[in-house]
Amino acid sequence: MSTSELGRLAERLAEEFLKKRGFTILDRNFRKPWGELDIVAKEGNVIVFIEVKANKEDIIGFEPELRAGNKKLHKVVRTAKTYLSSKKIGLETEWRVDIITVIFNKGRGTAKIKHFPNVDVA
């Protein structure tokens, strides 16, 4: 499985995960030259920008959430503000950034999903 195929599969699983928990999916793969939003969702009245990270296998010390560092999250925030503006949603609207990780277990044909809501973007 290529990296892009892995990413698409992880995003589909993350979307299903969110829907089962009451989120409404607003958009996927919103791209700008400076960044991309994997999933844009709504939980209640809050708009949630979700960064999805995946690993082909579970390796301690190489957890996918570690790849969502400050530089990456700052790009997500910049792109999120552009998204809000492009959709004519005021910046006073409550919004946050979440991370969802997907770790695949090829031998078992399963995936472990973790949700990190409202991550701190320093």
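This report describes salt bridges in a predicted model.

## Overview

The count of salt bridges in the model comes to 9. Among the residues involved, Glu11, Glu15, Lys19 and Arg28 are linked in a network of salt bridges, and three further pairs are taken up under the headings below.

## Strand β2 to strand β4

Glutamate 43 and arginine 96 form a salt bridge in which the closest N and O atoms are 2.8 Å apart. Because glutamate 43 belongs to strand β2 (residues 35-43) and arginine 96 to strand β4, the pair ties together parts that lie 53 residues apart in sequence. Glutamate 43 counts as partly exposed at 30% relative accessibility, whereas arginine 96, at 13%, counts as buried, since the limit for that class is under 20% relative accessible area.

## Strand β3 to helix α2

A salt bridge also joins the side chains of glutamate 51 and lysine 72, with an N to O distance of 3.8 Å. This pair links distant parts of the chain, glutamate 51 being in strand β3 (residues 46-55) and lysine 72 in helix α2, 21 residues apart. Glutamate 51 is buried, with a relative accessible area of 2%, while lysine 72 is partly exposed, with a value of 25%.

Lysine 87 forms a salt bridge with aspartate 27, and their closest N and O atoms are 3.9 Å apart. Here, too, distant parts of the chain are linked, with aspartate 27 in strand β1 (residues 24-32) and lysine 87 in the loop between α2 (70-86) and β4 (95-105), 60 residues apart. Lysine 87 counts as partly exposed at 42% relative accessibility, and aspartate 27 counts as partly exposed at 21%.

Definitions and conventions
Residues numbered from 1 in each chain as written. Predicted model: local features only at pLDDT ≥ 70, side-chain atom pairs only at ≥ 80, totals over all residues. Heavy atoms only, no water. Salt bridge = Lys/Arg side-chain N within 4 Å of Asp/Glu carboxyl O. Helix = DSSP H or I, 4+ residues; strand = E, 2+ residues; numbered from the N terminus. Buried < 20%, exposed > 50% of the residue type's maximum accessible area, 1.4 Å probe, protein only.
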